[in-house]
Amino acid sequence: MESLCENCWYNEYDEEAEESFCSLVLDEDEYIKLMQDKNKTCRYFRPFGNEYDIVHRQI
């Protein structure tokens, strides 16, 4: 899942902690299902679009 997370729309980088995290808001049950998934597939994965989408996201 690590490579999916690196290219995901919800992946955020915290400069103070110097680490990435998922900014998607999940309830406790959804989060547990995601972490226990043996296939490590994230059904919330949304790849970054083109460079205009990334700039729009930074605004």
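**The whole chain**

Start with everything selected: the chain has 3 helices and 2 strands. Helices (H or I, at least four residues) and strands (E, at least two) are DSSP runs, numbered from the N terminus. Follow the cartoon along the sequence and the pattern reads α-β-β-α-α.

Before zooming in, some housekeeping. This is a predicted model, where local features need pLDDT of at least 70 and side-chain atom pairs count only at pLDDT 80 or more, while totals for chains, interfaces and linings use all residues. Residues are numbered from 1 along each chain as its sequence is written, and side-chain values use heavy atoms, with hydrogens and water left out.

Now colour by pLDDT, the predictor's confidence in each residue, from 0 to 100. The chain averages 77, and 73% of the residues score at least 70. Where is confidence lowest, and where is it highest? Helix H3 (residues 51-58) has the lowest mean, 59, and E1 the highest, at 88. Where pLDDT is low, the predicted coordinates should not be read in detail.

Of the 59 residues, 8% count as buried. Buried means under 20% relative accessible area, exposed over 50%, and partly exposed in between (1.4 Å probe, protein chains only).

One last overview number concerns contacts, meaning heavy atoms within 4.5 Å. Among contacts with a separation of 6 or more, 51% are between residues 24 or more positions apart.

**The hairpin**

Select residues 11-14 and 19-22. These are strands E1 and E2, which run antiparallel and are joined by 4 bridges; two strands pair if DSSP finds at least two bridges between them. Together E1 and E2 make a hairpin with 4 residues between them. Show side chains and check who faces whom: Asn11 stands opposite Cys22, and Tyr13 stands opposite Ser20.

Stay on Tyr13, in strand E1. Is Tyr13 buried, partly exposed or exposed? Tyr13 counts as partly exposed because its relative accessibility is 49%. Leaving out residues up to four places away in sequence, Tyr13 touches Glu18, Glu19 and Ser20.

Next, click Glu18, in the loop between E1 and E2. Its phi is near 55°, a positive value in a residue other than glycine. Glu18 has a relative accessible area of 61%, so it counts as exposed.

**Out of the hairpin**

Move on to Ser23, in the loop between E2 and H2. With a relative accessible area of 29%, Ser23 is partly exposed. For Ser23 to Tyr13, 10 residues apart in sequence, the C-alpha distance is 9.5 Å. Which residues does Ser23 touch, not counting those up to four places away in sequence? Tyr10 and Glu12.

**A nonpolar patch**

Select Tyr31, Ile32 and Met35 and show their surface: they make a nonpolar patch of about 270 Å². Like charges are joined within 9 Å, nonpolar side chains (Val, Leu, Ile, Met, Phe, Trp, Tyr) within 5 Å. Met35 sits in helix H2 (residues 28-36) and is partly exposed, at 37% relative accessibility.

**Last stop: Tyr44**

Finish at Tyr44, in the loop between H2 and H3. Setting aside neighbours within four places in sequence, Tyr44 is in contact with Tyr10, Leu24, Leu26 and Glu30. Now label Tyr44 to Cys8: 36 residues apart in sequence, they are 8.9 Å apart in space, C-alpha to C-alpha.

Notes: Patch = residues over 30% accessible without salt bridge, like charges linked within 9 Å, V, L, I, M, F, W, Y side chains within 5 Å. Areas by Shrake-Rupley, 256 points an atom, 1.4 Å probe, with all protein chains shown as cover. Salt bridge = Lys/Arg side-chain N within 4 Å of Asp/Glu carboxyl O.
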